[in-house]
Structure formats: C-alpha cells, structure tokens
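Look at the model below and follow the chain by eye.

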Amino acid sequence: MHKRNLLLDFMLLITFLMIMSPSLTGVPWHEWLAIGLTAAIILHLLLHWEWIVRIGATFFRKIFHHSRLKFVVDVLLFVAFTLTMTSGLLISRSVLPTLGIQSTRSPLWRGLHDLTANLTLSLVGLHFALNWEWVVGMFRRYALNPIIRAFQTSKAAAIKENPRSSTPQ
Ligand code: HEM
C-alpha cells in the first residue's frame, strides 16, 4: 500500500516537472502528459480519500488542528491545478484541435495558464515540504534499506566464502 503510494507520488512529481517545461517536451507531449497526470492525480486523491474525509469533517470543529495547514494547502493546490488544466485546455494547440474543437488564442487565458501553473508549482513544493517526514520515511523503508540489506548480504556471503579476507592484516 505505502510502496504503491510512494511510487505513484514519485511518478506524479517527475511528470509534473516535465509538464512545467513545454520547451523540453514540445507542446503535444505537454498537453497529453497533463491529461495523463489528471487521471493519476484522481487516483492519488482516491488513495488518500480516507484522510481527506477525516480532516475535512473535523476542519471547522477544532480550531487548533495539526493537519489544518496541510488541508488548506491541499485545497489551494486542487483549485490552482484545476485552473491550470482549464486554461490549458482553452489555449490547447494539440488536444482540442485533434478532437476537432477550436481553441482560443486569447492572451488572457495564456497569461492565466502561466500564472496558475507557477502557483501550482509553488504549492506542490509546499505540499511536499509538509509531507516531508512521510516521504523520507517511505524512501528509507522501500529504497534505502533494501539496498543496505542487499549490500550486507553480499558482504556476509563473501566473508563466508573467504573468511580470511575479513581479518585485518
Ligand atoms: C499540470 C497541468 C499543466 C501545467 C503545470 C502546465 C504548465 C505550463 C507552463 C509552465 C507553460 C509555459 C508558459 C510559458 O512559456 O510562459 C505552459 C504552456 C502551455 N500549455 Fe500548459 N500546463 C498544464 C496543462 C496544460 C494542458 C492540459 C494543456 C492543453 C490541453 C496545456 C497547453 C499549453 C499550451 C498550448 C501552452 C503554450 C505553449 C507554447 O506556446 O509554447 N497545458 N503550460
């Protein structure tokens, strides 16, 4: 469960950073990756649904709530991301034309897309900072510890094969 969450979160971050650089991916990849990211974010929300409902239900009941800041940042992130996606779709140069739908050339929507994308990036940074303990803990458990264990096992096997190699000269 945690391993799957960690993997999904890592993929979300990498994909988001790629989308933030349309000059690197090209516009068609930028747009299709963003559509794919939306599907992955819906999955991410479903996997954390129990937390969302629990904190949401107590939000107005307890004044001092340690998860309150996290919740506010998450709501802002959701709004900024939705605005980025909506403005992106409106100025689309690949997805909408492929579907035979005319997009807009309005600099207003383009400006809003730029602004909300940068806002989303800042909130993603905050979202990670507020969940940093979880990220580090999971990374240690599922990435770092298996490597250390594999290293210790191969070292123990080498010593067993050649015991003299481990005694200091
Ligand atoms: C996670 C969602 C998205 C993020 C973070 C994002 C981010 C960005 C960024 C940072 C730019 C560059 C702005 C600049 O050069 O000043 C951009 C441009 C653009 N985006 Fe998005 N975008 C997202 C979703 C979308 C979607 C869903 C579409 C359309 C289906 C789209 C279409 C475009 C277009 C057409 C441009 C202009 C590219 C150009 O003129 O070179 N974006 N986006």
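Helices (H or I, at least four residues) and strands (E, at least two) are DSSP runs, numbered from the N terminus. The structure is a predicted model, in which local features need pLDDT of at least 70 and side-chain atom pairs count only at pLDDT 80 or more, while totals for chains, interfaces and linings use all residues. Residues are numbered from 1 along each chain as its sequence is written, and side-chain values use heavy atoms, with hydrogens and water left out.

Aspartate 74 belongs to helix α5. Is this residue buried, partly exposed or exposed? Buried means under 20% relative accessible area, exposed means over 50%, and partly exposed lies in between (1.4 Å probe, protein chains only). Aspartate 74 has a relative accessible area of 23%, so it is partly exposed.

Histidine 113 is part of helix α7. Its relative accessibility is 16%, and therefore it counts as buried. Between the C-alpha atoms of histidine 113 and tryptophan 49 there are 28 Å, and the two are 64 residues apart along the chain.

UniProt, in an unreviewed entry, lists residues 7–26, 32–51, 71–95 and 115–139 under "transmembrane region". Such positions are given in the numbering used here, feature names are shortened, and annotations may be inferred rather than shown by experiment. In the model, residues 32–51 are 95% helix and 0% strand, with end C-alpha atoms 30 Å apart. For residues 115–139 the figures are 96% helix, 0% strand and 32 Å.

Now turn to the ligand. Which residues are closest to it? They are His30, Gly88, Arg93, Arg110 and His113, out of 21 residues that surround the ligand, each with a heavy atom within 4 Å of it. This shell divides into 12 nonpolar, five polar and four charged residues. Here Ala, Val, Leu, Ile, Met, Phe, Trp, Tyr, Cys and Pro count as nonpolar, Asp, Glu, Lys and Arg as charged, and the others, Gly among them, as polar. Helices α1 (2–19), α3 (27–47), α5 (68–90) and α7 (107–130) each supply at least two residues of the shell.

Some atom pairs can be picked out. A polar side-chain atom of histidine 30 is 2.8 Å from a nitrogen atom of the ligand. For arginine 93, a polar side-chain atom lies 2.6 Å from a ligand oxygen atom, and for aspartate 114 one lies 3.0 Å from a ligand oxygen atom.

How values were computed:
Polar contact = N/O pair within 3.5 Å; in protein donor to acceptor, adjacent residues only side chain to side chain.
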